[in-house]
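Dear colleague,

Please find the structure below, followed by a short account of what was found in it.

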Amino acid sequence: MRVSWDRALAWRLRRQFVDPQAGGSVAEVVSRLCGVQAQVASAAETAIRLRQAAPETGEVAGALAGGTVIKTWAMRGTLHLLRSTEAPALLSLMARARPWARPAWQKAFGLTEADVDALTAAVAELLDGQVLSRDELVTALVAEPRFSGLEQALRSGWGTVLKPLAWQGVLCYGPSRGSRVTFTAPASVVSGWPGLPDPAQAGPAVVAAYLGAYGPATPAGFSAWMSRGSLRKTDVRGWFAALGDRVTEIDVDGEAAWLLTEHVDELAACPPARGVRLLGGFDQWVLGPGTDAAHILDAEHRTKVSKTSGWIAPLVLTSGRVTGTWELAGADLVVTMFPGARPPSARALSAEAGKVSQATGLGPVTARVAVGPVA
C-alpha cells in the first residue's frame, strides 16, 4: 500500500490525541505517547493537558502520587513520565543498551562496569521502602570509601551517574519536598512492580506501542527515539521481525516504513488534516520521530525548533507539519511563522490560544502573529 505523508500525519494527529483533543486520564495519554518527556515539568503537563478532552488541575501530581505514572530517566537518557505498567519494558530496553559499559562513558565519569554494579546494589538497599532526598542519598553513599569520589557527579542535576540505576529499575523520582528532589524504588510506589522483563520479550511490545503513536516508522527511527541509535541493530531488527504479521510494510511517498497491521485500513481511510494546532515545548510530536524527521520539520528550520542546550521550542502545526513557533510574553501569545508559511486565521489562532491558556493555567491570553523571522 502507498500513502502520502499528509495522510500519515493526519492519522498521527488522531492517534496522539492532538486532533481531535480526545485524551482521557494522564496515564492514558502518557501510555499512548510511549512516555512524555519531563525534563521541564511544566512542559510535560502542557503536553498532556493539550491532548485531554477535559483536563483538570493537579491530575499529573495525582497520577504520580497514585502510582499510575512514574517519573524517571528513560529514553535518550532524559526524564520522562511513564505509565507504571509499561515502564518495566521501556527501562529494559534502555538497560540493554548498557552505555556504562563503554570505555568513553567510563573515562568521562570515572566508573568501571563493576563500580556501576556496586552502586546499583547499594542504592537498591538504601531505597528499599524508603524515600530519600538527593542530599540524603548521596550523603549515605559517599560515606562508603568506594563511592567517596563520586559526590560531585552524584549531586549533579543531570543525574548521569544515576541514570544506569534508573534504567535497571532500581531508582525513580519520589514525591517532591518543596523544591527538593527525592528518590525511591519503583517497587515502593507501584503496587506489584514486576521488575524488568527480558529485552527479547519487552522489545516487540515497545516497538508495537511506538508504531501505534509514531507509525509509519522504521527500525532506525525507533532506535533513535529509544537511545539515539545505541541499541544493537540486530536487536532492533529482531524485535520488529518478532511481531510477524502484526506489522505491515507500507510505502509513504516513496519511503518504506512499518505500521501495525490493525491500523493499515484506518490510516488508508484517514483524510489529510486541515487547520492549525499549537503544541508546547519539548512535545512528543517532534521528539517521537526526532527533530531531523523531514516529513514533519524541514531541515532548514530545524534550529528554530531544536535550540542550544537541548531546548525544544513550542510548535505551530499546519496539517501536522511544523510551520512556526510560539511563545508567551506576559498575556500575549506570539506566533512566529517560518518564512513562506501561511499564518493561521485570527479565528483559528484564537481557538488554539484558548486551549493553551487552559493547558498552562496562565489565564486568558491574546494571540498575535509576529512580523519577521524566527529568532
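**Sheet and aromatic pairs**

In strand S7, Thr184 is the bridge partner of Cys172. This is a predicted model, in which local features need pLDDT of at least 70 and side-chain atom pairs count only at pLDDT 80 or more, while totals for chains, interfaces and linings use all residues. Residues are numbered from 1 along each chain as its sequence is written, and side-chain values use heavy atoms, with hydrogens and water left out.

Strands (E, at least two residues) and helices (H or I, at least four) are DSSP runs, numbered from the N terminus; two strands pair if DSSP finds at least two bridges between them. S6 pairs with S7 (residues 182-184) in the antiparallel sense over two bridges. Three strands, in the order S5-S7-S6, make up an open antiparallel sheet. S5 (132-133) and S6 (172-173) stand at its edges with a single partner strand each, so one side of each has no neighbour in the sheet.

Rings of Phe, Tyr and Trp (its six-membered ring) pair if their centres lie within 6.5 Å; planes under 30 degrees apart count as stacked, over 60 as edge-to-face and the rest as tilted. The count by this rule is eleven aromatic pairs. The ring centres of Trp73 and Tyr173 are 5.6 Å apart and the planes are at 75°, so this pair is edge-to-face. Because Trp73 lies in strand S3 (residues 69-73) and Tyr173 in strand S6, the pair ties together parts 100 residues apart in sequence. Both Trp73 and Tyr173 are buried (under 20% relative accessible area; exposed is over 50%, partly exposed in between, with a 1.4 Å probe and protein chains only).

Yours sincerely
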